[in-house]
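Subject: the structure I promised you

Hi,

Here is the structure I said I would send over. Have a look at it first, and then read on for my notes.

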Amino acid sequence: MAPTDYIYRRSAAGQSALETDTPLAAPLRRVLALIEGQTHSHMVRKLLRDQTESNIAYWLSQLEKLGLLEARPTQIHHDLDFTGSFAFQR
């Protein structure tokens, strides 16, 4: 699991900020609007592929600091090619 593998979720304050005219920088508002339900960090990066990794990381950290986003590390290791279950023996 990469250190940046997180699941993001809008907090109640984040939902309120989107529904009202809370002053928020345009990039922060855009990122906040992309988070629906529980959104994996890979999906956020995919949706913002026109932005640099450092910009995305900065915006996500700012939204967390403002209490508009909640993040938790992913708990499950995804074995997408299914090779983790093979027992290779000599």
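Predicted model: local features only at pLDDT ≥ 70, side-chain atom pairs only at ≥ 80, totals over all residues.

The protein has 4 helices and 3 strands, and along the sequence they come in the order β-α-α-β-α-α-β. Of its 90 residues, 29% count as buried. If you take the contacts between residues at least 6 apart in sequence, 69% of them join residues at least 24 apart.

H1 covers residues 12–19 and H2 covers residues 26–34; the two pack at an angle of about 115 degrees, and their axes are 10 Å apart. Their crossing is left-handed. On the H1 side the contact is made by Gly-14, Ala-17 and Leu-18, which meet Arg-29, Leu-32 and Ala-33 of H2. By type, the residues of this contact divide into 4 nonpolar, 1 polar and 1 charged.

Now the core. The largest nonpolar core has 15 residues, and those touching the most other members are Leu-32, Val-44, Leu-60, Leu-63 and Leu-69. Two elements give two or more residues to this core, namely H2 and helix H4 (53–65). The top contributor is H4, with 4 residues. As a general point, nonpolar side chains in soluble globular proteins tend to be buried together.

Neighbours within four places in sequence aside, Leu-32 is in contact with Arg-10, Gly-14, Ala-17, Leu-18, Leu-24, Leu-63, Leu-68 and Leu-69. Leu-60 sits in helix H4. Is Leu-60 buried or exposed? With a relative accessible area of 2%, Leu-60 is buried, because the cut-off for that class is under 20%. Leaving out neighbours within four places again, Leu-60 is in contact with Tyr-8, Val-31, Val-44 and Leu-69.

Two more residues are worth a click. Leu-66 lies in the loop between H4 and strand S3 (69–73). Not counting residues up to four places away in sequence, Leu-66 touches Leu-24 and Leu-28. With residues up to four places away left out, Ala-71 touches Tyr-6, Ile-7, Tyr-8 and Glu-64. Ala-71 and Asp-5 are 66 residues apart in sequence but 9.7 Å apart in space, C-alpha to C-alpha.

Finally, the charges. How many salt bridges does the structure hold? There are 3 salt bridges, and here they are one by one:

- Glu-70 and Arg-9 meet through their side chains at 2.7 Å, N to O. This pair links distant parts of the chain, with Glu-70 in strand S3 and Arg-9 in strand S1 (residues 6–10), 61 residues apart. Both ends are partly exposed: Glu-70 has a relative accessible area of 36% and Arg-9 one of 39%.
- Asp-50 and Arg-30 form a salt bridge at 3.7 Å, N to O. Asp-50 is in the loop between helix H3 (41–47) and H4, whereas Arg-30 is in helix H2, 20 residues apart. Asp-50 counts as exposed at 54% relative accessibility, while Arg-30 is partly exposed at 38%.
- Arg-45 pairs with Glu-53, and the closest N and O atoms are 2.5 Å apart. Arg-45 counts as buried, at 17% relative accessibility, whereas Glu-53 counts as partly exposed, at 44%.

That is what I have for now.

Cheers

Methods:
Residues numbered from 1 in each chain as written. Heavy atoms only, no water. Axes fitted to C-alpha atoms, helices over the stretch in contact; angles between N-to-C directions. Left-handed = near helix turned anticlockwise from the far one by under 90°. Contact = heavy atoms within 4.5 Å. Nonpolar A, V, L, I, M, F, W, Y, C, P; charged D, E, K, R; others polar. Core = buried A, V, L, I, M, F, W, Y, C linked by side-chain atoms within 4.5 Å. Buried < 20%, exposed > 50% of the residue type's maximum accessible area, 1.4 Å probe, protein only. Salt bridge = Lys/Arg side-chain N within 4 Å of Asp/Glu carboxyl O.
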